[in-house]
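Biologist: I have a chain to look at and would like to go through it by question and answer. Shall we begin?

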Amino acid sequence: MRSLLGALLLTSSMAMAGTVEVKGVRVWAGPEYTRAVFDLSGEADYKLFSLEGPDRLVLDIDQGLKLAHALPDGSGAISGLRSGRPEQDKLRIVFDLTSKSRAKSFLLPPAEHYGHRLVVDLYPQDAQAKPQPVLRAPEPEAPGAQRKVIVAIDAGHGGEDPGAVGPGGTHEKIVALAMARALAQRIDREPGMQAVLIRDGDYFIQLEKRFHKAREAKADLFVSIHADAAHAQSANGSSVYVLSARGATNEAARWLAERENRSDLVGGVSLDRGDDTLAAVLLDLSQGASMEASAEAADRVLVALTRVGKTHKKQVERANFVVLRSPDVPSMLIETGFISNPGEEKKLKDPKHQSALADAVLDGIRDYFHSRPPPGTWIAAHAQPRSHVVSRGETLSLIAERHRISVDELRSANAKRDDTVRVGEVLRLPTSS
């Protein structure tokens, strides 16, 4: 006899006026939970309950009289899906489970290219309430040992949220993950550095959890990787952004931040959660040093990106991105190119171009940490004096501004009595405290 373990009941506030068509079903498996998404023709009343012997989850959709497509294969906590009709006016979907699971469900209103959706998230029953910890750097084994610098790399979008889609059908989430992995490989090969991938698969993580994961990993820097889109297909070049608590650098930056911040709604986040901490986080940011450090790191990455190709702007831009709101981890968002530009879409898919971009970003990150090594790190103990080779058209003040040091510091480090520089001259760059 089937044993009813419990009822997890959630219904929409409005009754259905007609039948509901299930237009499609998708399953995503992540490291913390498995998600099933049902595309619906309209709002729906539904009931969700668990059965055991074997473990199953049952979804009953009232007035669900049509299933437009075959159900997908199982993944993660779901070993399979099947449908039935216990009553004439009810559609039943049965989830065969790999083990006992705790379910959370919610309805989403239309967003971007999606219509109404029903989301069912399955968490392992024996999992702790706290999210699965991300990779941490090993603690020093002995007094005086140096730790590695930790760089958290966030591949934008994922799962239900494809991000921008290029004219050739390339999804931003796929390009972002490929470049995040390429950058992580390079950082892990760099002496004194270690990478942490916030997302290492095709699944969705809400924006706020992304920077929380970076904090849990005790990251020294958070880098979010994206591929931009614009109304004009001619737009091109990479960009680097940092958080602004006051407003965007320009209208395009404001539009981009608003689009990226809609990721939670597109990717699927319950709307009943509170967001009361954001104002306090922004206040902390405005009073702390994180925004200043973010700008310095972003400047160095932007300079390095100019060696790969055109940058969209000559300066780091600012906008109110949710994913950059960590109060104590310097953070930047890199738009690696315009996926909406057919030529750049092709380059962004090319592993050679991805490698060149990853090399450039690493150069900027290395430059930042070697100029401002965190105390107690291997880099702080082993950093070598840095240098700059003077190029045509450069001045001492321009070089000082590029490396975020004063002209006096640069002049003193090179025993200069004036500001004269020569093309090809090698200048020693002081390491600031």
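This is a predicted model: local features need pLDDT of at least 70, side-chain atom pairs count only at pLDDT 80 or more; totals for chains, interfaces and linings use all residues.

Biologist: How are α7 and α8 oriented to each other, roughly parallel or roughly perpendicular?

Modeller: The axes of α7 and helix α8, residues 351–371, come within 5 Å and cross at roughly 80°. Angles from 65 to 115 degrees count as roughly perpendicular. Therefore α7 is, relative to α8, roughly perpendicular.

Biologist: Is Ser340 buried or exposed?

Modeller: The relative accessible area of Ser340 is 9%. The cut-off for buried is under 20%. Ser340 therefore counts as buried.

Biologist: Leu256 is my next residue. With which residues is Leu256 in contact, leaving aside neighbours within four places in sequence?

Modeller: Leu256 is found in helix α3, residues 251–261. Its relative accessible area is 1%, so Leu256 is buried. Leaving aside neighbours within four places in sequence, its contacts are Asp228, Tyr241, Phe321 and Glu335.

Biologist: How far apart in space are the C-alpha atoms of Leu256 and Ala229?

Modeller: Along the sequence, Leu256 and Ala229 are 27 residues apart. In space, the C-alpha to C-alpha distance between Leu256 and Ala229 is 8.3 Å.

Biologist: How many aromatic pairs does the structure hold, and what kind of pair do Tyr241 and Phe321 form?

Modeller: The structure holds four aromatic pairs. In the pair of Tyr241 and Phe321, the ring centres are 5.4 Å apart and the planes are at 65°. Planes over 60 degrees apart count as edge-to-face. Because of that cut-off, the pair of Tyr241 and Phe321 is edge-to-face.

Biologist: How many residues apart are Tyr241 and Phe321?

Modeller: Tyr241 is in strand β14, residues 239–243, and Phe321 is in the loop between β15 (317–319) and β16 (331–338). The pair links distant parts of the chain, with a separation of 80 residues.

Biologist: Are Tyr241 and Phe321 buried or exposed?

Modeller: Tyr241 has 3% relative accessibility, and Phe321 has 0%. Under 20% is the condition for buried. So Tyr241 counts as buried, and Phe321 likewise counts as buried.

Biologist: Now the backbone. What kind of peptide bond joins Gly53 and Pro54?

Modeller: Pro54 is found in the loop between β4 (46–52) and β5 (56–62). For the bond between Gly53 and Pro54, omega is about 0°. The peptide bond is cis.

Biologist: What is phi of Lys218?

Modeller: Lys218 is placed in the loop between α2 (207–216) and β13 (221–228). With 52% relative accessibility, Lys218 counts as exposed, because the cut-off is over 50%. Its phi is a positive value in a residue other than glycine, near 60°.

Biologist: Is Arg428 buried or partly exposed?

Modeller: Arg428 is found in strand β18, residues 426–429. Leaving aside neighbours within four places in sequence, its contacts include Pro385, Leu410 and Ala413. With a relative accessible area of 41%, Arg428 is partly exposed.

Biologist: Last, the chain overall. What percentage of its residues count as buried?

Modeller: The protein chain has 11 helices and 18 strands. There are 433 residues in the protein chain, and the share that count as buried is 51%.

How values were computed. Residues are numbered from 1 along each chain as its sequence is written. Side-chain values use heavy atoms; hydrogens and water are left out. Helices (H or I, at least four residues) and strands (E, at least two) are DSSP runs, numbered from the N terminus. Buried means under 20% relative accessible area, exposed over 50%, partly exposed in between (1.4 Å probe, protein chains only). Rings of Phe, Tyr and Trp (its six-membered ring) pair if their centres lie within 6.5 Å; planes under 30 degrees apart count as stacked, over 60 as edge-to-face and the rest as tilted. Axes are lines fitted to C-alpha atoms, for helices over the stretch in contact, and angles run from 0 to 180 degrees between N-to-C directions. Angles under 35 degrees count as roughly parallel, over 145 as roughly antiparallel, 65 to 115 as roughly perpendicular and the rest as oblique. Contact means heavy atoms within 4.5 Å.
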